[in-house]
Amino acid sequence: MSDDDVFEVARKNIYWMLIGVVITVVVFVFALILINHQNRLTSVSPRLNADFLAHRFLANSDCFAYQDKDTGRTYPGIIDLNKFTTEQMNKCYLPDKEKGYIDYNFKLSLSNEQKSIITNNFYNKDDFTLHYLVLVKTTTGLKKDTLIITVQQKI
Amino acid sequence: MNKKASSILMIIFELLAVILIIWITTEVAYGMGKSDTVVKVNLATDLKMMVNTLAGVSGDVVIEYPLNVVNYTFTLSQNSVSVFKKTESDQQKVTRTFILPTGYFASGSLDEKSRLCLEKKDKNIFLRECLAEEK
């Protein structure tokens with residue numbers, strides 16, 4: 001084998017080493033494009049998810065909705081001020097103490113009453129806010145108010 | 001080794017490498033295209049949102065999932081819903097978790113039936129096959 005032949009083989013080897021790197025990058029990019037496409041096909045709006053979750057705060061008597069003791073009827077959209085406590089929140093929505101930061105967490109505020117409660121892993125990371133017009137049941141009667149729900153997505 | 005032999009070997013190696021790369025890429029793309037993963041993820045996410053909605057309803061409710069789900073098996077437990085195919089391994093199972101209010105219970109399963117219903121009765125949420133009269 002002459003010097004030219006040796007050089008030819010060495011050149012091809014270097015060429016294939018470089019092409020190997022390029023092909024690896026192309027395959028990785030292709031895989032990322034496919035994964036990204038799959039994620040887009042399965043993504044759900046965080047607001048929609050949070051809205052479904054927040055529905056219980058407004059409409060479930062095991063959360064904050066007012067329930068008539070005599071008839072047992074629950075009034076969705078009427079917040080019972082006596083229930084608007086952290087203890088009740090923990091009965092209604094309690095993410096895992098250790099890893100609950102990966103779930104949705106909430107801060108609920110009644111703007112006129114100036115009262116707020118939070119879930120157990122809420123760390124003031126304000127991702128977005130939901131607003132609901134509600135009635136608040138107090139000892140004196142019903143008052144109009146706005147329930148502001150600050151949503152913290154996973155940290 | 002003479003020059004001719006080594007360059008023929010190199011050409012064969014290059015052709016094999018190109019064919020292998022094209023084959024792998026096509027297989028991966030075909031696999032992703034026909035895979036049930038997207039369907040399973042969407043089913044599990046939909047059911048999770050349905051359970052969250054049921055937890056926010058004060059009365060008793062039955063809701064039917066508006067698609068034919070005959071190809072899949074479902075299990076609903078206290079804090080998660082799983083969707084899978086019987087022939088698949090555990091790693092291919094798609095699971096979504098949820099948080100129910102205290103005192104609420106979720107359970108049930110559906111094994112390759114076309115109609116899936118979620119029922120909330122008092123504080124219990126069941127996943128089951130829809131009854132004939134539930135239309």
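Let's start with two helices. Helices here are DSSP runs of H or I with at least four residues, strands are E runs of at least two, and both are numbered from the N terminus.

A word on the ground rules. This is a predicted model: local features need pLDDT of at least 70, side-chain atom pairs count only at pLDDT 80 or more, and totals for chains, interfaces and linings use all residues. Residues are numbered from 1 along each chain as its sequence is written, chains are lettered from A in the order in which they are written, and side-chain values use heavy atoms, leaving out hydrogens and water.

Which residues of the two helices meet? From helix 2 of chain A come A:Leu48, A:Asn49, A:Phe52, A:Leu53, A:His55 and A:Arg56, and they meet B:Met49, B:Asn52 and B:Thr53 in helix 2 of chain B. Contact means heavy atoms within 4.5 Å.

Now the whole interface. 30 residues of chain B are in contact with 31 residues of chain A. The buried area is about 2,700 Å², with 65% from carbon and sulfur atoms. Buried area is the accessible area (1.4 Å probe) that two parts lose on being put together, summed over both. In chain B, B:Met32, B:Met49 and B:Ile99 lose the most area to chain A, together 21% of what that side buries.

How many salt bridges cross the interface of chain B and chain A? The rule finds 1. A:Asp62 pairs with B:Lys123, with the closest N and O atoms 3.2 Å apart. The rule asks for a side-chain nitrogen of Lys or Arg within 4 Å of a carboxyl oxygen of Asp or Glu.

Back to the chain B side. Helix 1 (3–34) and helix 2 of chain B each supply at least two residues touching chain A. Helix 1 gives the most, with 11 residues.
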